[in-house]
Structure formats: structure tokens, C-alpha cells
Amino acid sequence: MRRRALISLTAAALTSVAAAHSASDAYLTLTGAAGSRTLLHGQWDIALRDLDFVLQVDDDGDGRITWGETKRHRADIERYAYAHLRIADDAGGTCTIKPTAQMIDDHADGAYAALFFDVACPQATKQIDLHYDLFFAVDPSHRGIFVMHAGDSIATSVLSPQNASIKLAP
Amino acid sequence: MARGAQPALTPAFRAPYTPGADSDVLQEVPSGTDPAVIDMRRLRRQFDATPQDLAAALQLAGAYVDYSRQIGDAHYAGYAEAVIAPWVSRTPAPAAALVTQATILQYRHQFAEARELLQAALKRDSRNPQAWLTLATLDMVQGNYAAAGKNCAHAAETAGFELGLACTGNLRSYLGQARQSLTMLQQAAATADKSAAAYQAWLQGLIAESAERLGDWPLAETHYRAALKLLPQDNFLLVAYADFLLDRGRAKEVLALLAEHTQSDTAFLRLALAQAELRGADAARYTWIMAARFEALALRGSDYFGREQARFALQLQHDPQRSLEMAQRNWQLQRAPWDARVLLEAADAAHQPRAALDVLAFLQQTKLEDPIIEPLAQKLRAQLNSAAGGGS
């Protein structure tokens with residue numbers, strides 16, 4: 001038994017080098033609402049594949065996630081996702097995140113749940129603090145590809161376990 | 001959206017949308033009836049129940065790493081990393097946890113970091129066969145053949161004659177001794193435990209590779225097929241066989257072989273190459289999607305696809321200069337025969353034989369046999385010689 005385990009690990013170690021693969025990404029975009037210094041609009045694309053690993057979205061286990069299954073898990077998906085995103089104003093006040101819609105967005109590596117939301121901060125703020133830790137506890141190689149649109153300017157950042165908290169000008 | 005087989009190939013990249021029917025299939029995922037998935041879930045429950053148990057963590061992480069490699073999906077390597085992270089950060093870290101983490105880093109082509117962990121593991125447990133074997137593999141991938149030979153010898157001491165034979169047999173295929181390599185690997189396969197499918201498949205794949213070094217195409221094909229019979233879903237074997245078919249002008253077979261493997265980036269590149277070869281209706285779309293996937297990888301800061309990106313730039317974007325830059329950067333990291341080949345092809349296409357000097361010297365020194373690489377190297381050497389002669 002011990003020997004079998006060794007051999008199987010060996011085969012994996014010796015052949016895995018040449019394989020290269022897609023990894024887990026999510027895409028988070030925030031846009032300042034016109035004429036407001038307290039409101040932001042957000043879109044967060046999260047791979048259905050990744051959501052299935054933590055929430056088992058594929059209810060019937062047939063290896064295919066349908067729109068029906070995704071809709072049934074909408075509340076689960078939102079609860080899970082928004083528990084891993086915190087936004088605060090420069091006085092430390094927590095901004096509320098209000099889900100507005102959930103759709104599907106296609107990326108080159110598969111279908112993503114597109115979560116739309118509004119962010120409302122308690123007071124006008126020069127800077128917001130964003131903390132992101134989606135999937136890091138189960139997959140430290142996950143990355144959040146973040147884009148902030150404020151007027152004509154665009155700021156980007158790659159969110160990772162080492163870069164989970166960032167400061168932004170809305 | 002097309003149902004089933006090709007979830008990544010949507011008609012066009014459109015704005016976020018609401019699917020029309022509940023029954024619309026959006027995404028394929030590992031099926032809950034797949035024995036590997038059932039096994040991983042069982043190990044996960046075991047691990048969750050006893051998070052302090054190193055053996056449970058290692059078993060689950062090992063299952064994730066195997067699955068990651070099998071289906072060509074890096075997500076599971078990340079899941080494995082999370083499972084063993086508490087053990088890796090412990091002082092002193094258990095050797096077995098360091099070896100597992102090294103395997104994950106190696107998989108992501110973080111070779112220097114992987115090597116450090118393996119050396120740390122061997123300091124703790126100098127008779128860890130997995131650590132010696134993984135180190136030998138790293139050395140082979142990076143072209144450090146003298147070190148690989150020593151580490152294969154350590155592997156033989158600690159893991160047994162049979163694995164040592166396979167390790168050394170594999171090494172010889174890079175040193176102008178492909179005929180000997182073939183004999184040694186065939187001997188290893190003949191004595192190996194027939195019930196260890198993954199190990200047998202690995203040996204069959206190595207035999208096929210050695211046969212390719214010798215230009216014995218029928219033998220190579222026989223062994224690729226034998227390997228795939230044992231592990232039909234294995235991404236590494238599928239991709240190696242697809243490359244073999246592409247070289248033989250059998251692109252059509254590649255489409256059938258990889259139809260269900262669009263999720264893997266390495267498999268997807270071979271599909272895109274086959275589509276281009278066949279001038280299929282989907283060729284442009286595959287190229288476009290492949291480019292988008294490489295862009296997504298660049299966005300997240302991943303840089304371990306040099307070999308694939310060099311091939312993509314040369315054959316699908318028709319940009320030899322870019323291909324050459326990719327191949328040169330890749331050569332600093334990896335020195336397997338394919339890494340040499342993509343660099344020589346790019347240097348040739350870009351009319352820059354001098355850019356191939358390092359690779360040519362490496363080939364001369366190692367005496368690699370390969371019926372595709374050798375003529376290419378000769379051609380570039382002739383160009384260099386005539387340039388030198390013309391200049392004097």
C-alpha cells in the first residue's frame with residue numbers, strides 16, 4: 001500500500017512539469033457614479049467553476065452547470081462572494097454593498113457569474129479602502145483582477161493574498 | 001451557447017446576458033460521479049474532520065495535485081496548496097509537506113523555489129525518495145544533466161532499482177543515448193507493477209518520447225496509445241500525443257483527440273494549431289480565444305507558458321520576433337527538447353541565427369538526438385558559418 005502511494009506520487013511529480021494550465025481569476029470592476037462621491041457601481045465576474053468547488057452549484061452532479069442551477073444558487077453565491085469583499089470610506093465607515101442583479105458573462109476560459117452591485121459609503125470620501133479575500137483560504141493562487149473607473153482615469157490592481165487590501169480614489 | 005463539448009467556445013464575446021432557458025448549459029465542471037471527484041470529496045471530509053492530521057492533509061493535497069495534472073487545470077494545485085499551507089509554514093516543516101509544496105511550485109514552473117524546498121526537505125530526511133526523484137526531474141527539465149544523474153542515483157538508493165532505472169533511462173534520452181534509454185525504459189516497464197496504471201502510463205509516455213528521439217514514429221505511436229489506454233484523460237499525455245500528430249501532418253486527429261479538453265490551455269493551443277493547419281472555419285476564433293487566454297494569464301502575472309506562447313506567436317500570430325523573445329526568455333527557465341526546438345524555429349523564421357547560439361552550444365554539448373531538431377540546428381549553424389565566412 002505504501003509502495004503504491006509512492007509510485008502514484010512519483011508519476012505525478014515526474015510528468016507534471018510540462019503541463020501548463022489556466023488558473024482561477026475573478027474580475028472586479030468599480031465605477032464612480034456620475035455626480036456622486038458616495039456611490040459606486042460594481043460588477044464582479046466569478047467563474048462558475050470556482051463557485052462550484054465551494055458551493056456545489058452543479059446540484060445533480062452531472063458535470064454541467066445550467067442556468068436553472070445558477071439561479072437557484074443566486075443567494076448562496078451572493079452571500080459567499082460579498083462576505084469576501086469589504087469597502088470602507090476614509091473615516092473607516094463601512095460602505096454597504098447592495099446586490100442589484102446577477103447575470104452570466106463569458107470569458108475565454110468559461111462562463112462566469114456576473115454579480116452587479118451598488119456601493120454606498122456613509123460619507124463623501126477622498127479615498128476608499130478595499131479588502132478582497134475571495135477564495136484565498138481554499139486557493140491561494142486565486143487572483144482578483146481589479147479595475148477602477150473614476151471619471152476618465154482607470155486604475156488597476158491584481159489582488160492576491162499578499163495584496164488583499166488596497167486604497168483607491170473613487 | 002453550444003451544449004456540452006465546447007463550453008469555452010461561445011459564438012462571440014458579448015456583454016453580460018441572461019440565458020434564455022433554465023436548461024441552458026453554461027459550464028462543464030468535474031462530474032460528481034467521476035471516481036476521482038468522489039475520492040477527493042471523501043478525502044476532503046476526512047481532512048475537514050481532522051485538520052490537525054498531517055497524513056489526511058498529505059493525502060488530500062496529493063489527490064488534488066494528481067487531478068490538477070490529469071485534467072490540466074491549475075485550480076486543483078491551488079486547492080492542494082491551501083490544504084498543506086499550515087504545515088509548510090510550521091517550523092520545522094515536515095519533509096513530506098515540503099515535497100508536496102515543491103511539486104506544486106514545480107507545476108507552476110517556479111523551479112528555483114521548488115528546488116529550495118526539496119533541498120530543505122532532504123536536509124530533514126535525506127532518504128526521501130520523492131524528493132530525490134523530483135529534484136532529478138527538475139534537473140532534467142532545466143538541462144542540468146550531470147546533477148540529474150546524481151539525483152537519479154540517490155533515487156535508486158532510496159526508491160529502489162526499478163525507479164532508478166526509469167529515472168536514468170529518461171535522462172539518457174537527452175544525452176544522445178536514446179537507444180539505451182529505450183532499452184532501460186522498456187525493462188523498467190516490463191518489471192513494473194501492472195496494477196499501478198499511472199506509473200505504467202508514465203513509463204509508456206517516456207518510451208514514446210525516446211522513440212521520437214530516434215525517429216521511430218510507429219514505435220512512438222504504439223507507446224503513446226498504450227499510455228493513453230491506461231490514462232485516457234491525462235492532459236500531459238494527450239498534449240504530447242497531439243504534438244506527435246501535428247508533426248506527422250495529422251491535424252484532423254488532434255481535433256477528435258482533444259475535443260473534450262478545451263479547458264486546458266496547453267490542449268487548447270494544440271486545437272488552435274490543428275484548426276489553423278486544416279484552415280478550418282473555426283481557426284480564427286480558436287486563435288482569438290487562445291490570445292485572450294494568454295492575456296488573462298498576463299493580467300494575473302503568470303509567466304510560465306513561454307514554450308506555448310513562443311509557438312503561438314510563431315505559428316498563429318506569424319510574429320517571429322515576438323516568438324524569439326518568448327523562446328529566449330523560456331530558455332532561461334526550461335531546457336527540454338521542445339524548448340530548444342521553439343527557439344531554433346523562431347531564430348530561423350526571424351533570420352537571426354546568432355540568437356540561437358546558446359541553444360546550439362547546448363545541443364552540441366549534450367548530443368541530443370532528434371530528427372526534427374538536428375536538421376534545424378544544422379541549418380542555423382550553416383547560416384552562422386556562411387555569415388562568418390562572408391565577413392572575413
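1. Strand 3 (residues 64-66) of chain A and strand 1 (residues 25-28) of chain B run antiparallel and are joined by 3 bridges. Within this pairing, Ile65(A) has Gln27(B) as its bridge partner. The model examined here is predicted.

2. The contact between the two chains involves 69 residues of chain B and 53 residues of chain A. On the side of chain B that touches chain A, the largest share comes from helix 3 (residues 75-88) of chain B, which supplies 7 residues. Sorted by class, that side of chain B consists of 35 nonpolar, 22 polar and 12 charged residues.

3. Chain A contains an open sheet of 6 strands, and their order is 5-6-2-1-8-9. The pairing in this sheet is mixed. Why is one side of strand 5 and of strand 9 of chain A left without a neighbour in the sheet? Strand 5 (96-107) and strand 9 (153-159) stand at the edges and have a single partner strand each, so one side of each has no neighbour there. From one strand to the next, the twist of the sheet averages 15 degrees.

4. Strand 1 (residues 25-32) of chain A pairs with strand 8 (residues 143-150) of chain A over 7 bridges, in the parallel sense. Which residue of strand 8 of chain A does Tyr27(A) stand opposite? The residue concerned is Ile145(A).

Notes:
Residues numbered from 1 in each chain as written. Chains lettered and ligands numbered in written order. Predicted model: local features only at pLDDT ≥ 70, side-chain atom pairs only at ≥ 80, totals over all residues. Pairing = 2+ DSSP bridges. Helix = DSSP H or I, 4+ residues; strand = E, 2+ residues; numbered from the N terminus. Axes fitted to C-alpha atoms, helices over the stretch in contact; angles between N-to-C directions. Contact = placed C-beta atoms within 7 Å. Nonpolar A, V, L, I, M, F, W, Y, C, P; charged D, E, K, R; others polar.
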